[in-house]
Amino acid sequence: MAINESMSLSEIFATYDGAKKNLAQNVEAVKNSGQKIAAIFCTYTPREIIHAANAHSVSVCATGDNAVVEGEKYLPKNLCPLIKASYGFAKANKCPFVRNSDIVIGETTCDGKKKMYELMGEFKDVHVMHLPHFKSQKSLELWQDEVRELKERLEAKFGVSVSDEELRNSIRLFNKERELMGEIQNFMKLTPPPMNGKELHALLYGNGFIFDKKEQISDLEIIVEKLKECVRDKISPVHKDAKRIIITGCPSGGVYDKIVPAIEEAGGVVVAYEN
């Protein structure tokens, strides 16, 4: 999906938006090339370790009513829609990310997810990280142990040995990605911002499914420079008086289509996604 400096911002946004529609094919192409994939459910998962183990991480969070209905074939209806959707599509082998993954990495963010991972373990290789729930020295030690256990599990799973230097290099790459993503989101502090909420969401969502980290960072650097040019030339798709809206709640997948277009068609602009 690599972009280039000759492309306009609108062409870049369209490329990212189009990438969302081809996610299933993209992840299958990665799998068919012999590369390893770890499906993850949470931002707490240390993706740097997965990358250092020469594998790709792909976020899994099913959305949509059909996915929920699929989950209710196996789970109580009073469970949250996210859990029903995620488990239902995985169980029915309809989720390309879980289907093509070599391992699923979960985390103990809630009791419902704990049960979901237990059930998912019946048909997928699942590793669960236990999150500390309050700040203390013991919590820090617990999380350090959990990170070490994940590293050891991935080394055994993929038949690799992750050196300290490989891990440091991976950390540098991911920190650079975070720096650039933060810089992109900082543009939304401006009045008016150089892009609208639809375009911002396309970048935030699509960025998570670019598997080549160096390509990903190169693309983000181009986008930052393009946005600087828009600010310099006072080019914006947003009216200076547009009401500024923040979207909160997690995840944003299915909700985005229901809320963001309505806000921006009514003359507002979504300037941040808290999740």
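Visitor: How many cavities of 30 Å³ or more does the structure hold?
Guide: The structure, which is a predicted model, holds two cavities of 30 Å³ or more.

Visitor: How much space lies in the largest cavity?
Guide: The largest cavity contains about 120 Å³ of space.

Visitor: And which residues lie nearest its centre?
Guide: Arg-47, Ser-57, Ile-210, Phe-211 and Lys-213 lie nearest the centre of the largest cavity, out of 14 residues that line it. The elements giving two or more residues to this lining are α3 (47-52), β2 (55-59) and α11 (213-232).

Visitor: How do the residues of that lining divide into nonpolar, polar and charged?
Guide: The lining of the largest cavity has six nonpolar residues, six polar ones and two charged ones.

Visitor: Phe-211 was on your list. Where is Phe-211 found?
Guide: Phe-211 sits in the loop between α10 (197-207) and α11.

Visitor: Is Phe-211 buried or exposed?
Guide: Phe-211 is buried, because its relative accessible area of 14% falls under the 20% limit.

Visitor: What does Phe-211 touch, leaving out residues up to four places away in sequence?
Guide: With those left out, Phe-211 touches Asn-26, Val-27, Val-30, His-56, Ser-57 and Val-58. For Ser-57, the C-alpha to C-alpha separation from Phe-211 is 8.1 Å in space, while the two are 154 residues apart in sequence.

Visitor: Let us turn to helices. At what angle do the axes of α5 and α7 cross?
Guide: The axes of α5 (residues 81-91) and α7 (residues 111-120) cross at roughly 10° and come within 10 Å. Helix α5 is therefore roughly parallel to α7, since angles under 35 degrees count as such.

Visitor: Which residues of α5 and α7 meet?
Guide: From α5, Leu-82, Ile-83, Ser-86, Tyr-87 and Ala-90 meet Gly-112, Lys-113, Met-116, Leu-119 and Met-120 of α7. This contact of α5 with α7 comprises seven nonpolar residues, two polar and one charged.

Visitor: One more residue, then. Where is the place of His-133?
Guide: His-133 belongs to the loop between β4 (126-129) and α8 (137-158).

Visitor: Is His-133 buried or exposed?
Guide: His-133 counts as exposed, because its relative accessibility is 59% and exposed means over 50%.

Visitor: How many residues apart in sequence are His-133 and Thr-109?
Guide: His-133 and Thr-109 are 24 residues apart in sequence, and their C-alpha atoms lie 8.7 Å apart in space.

Technical notes. Residues numbered from 1 in each chain as written. Predicted model: local features only at pLDDT ≥ 70, side-chain atom pairs only at ≥ 80, totals over all residues. Heavy atoms only, no water. 1 Å grid on protein atoms, 1.4 Å probe; cavity = no way out; pocket = protein on both sides within 12 Å on 5 of 7 lines; lining within 4 Å. Points joined across faces, edges and corners; volume = space filled by probe spheres on them. Helix = DSSP H or I, 4+ residues; strand = E, 2+ residues; numbered from the N terminus. Nonpolar A, V, L, I, M, F, W, Y, C, P; charged D, E, K, R; others polar. Axes fitted to C-alpha atoms, helices over the stretch in contact; angles between N-to-C directions. Parallel < 35°, antiparallel > 145°, perpendicular 65-115°, else oblique. Contact = heavy atoms within 4.5 Å. Buried < 20%, exposed > 50% of the residue type's maximum accessible area, 1.4 Å probe, protein only.
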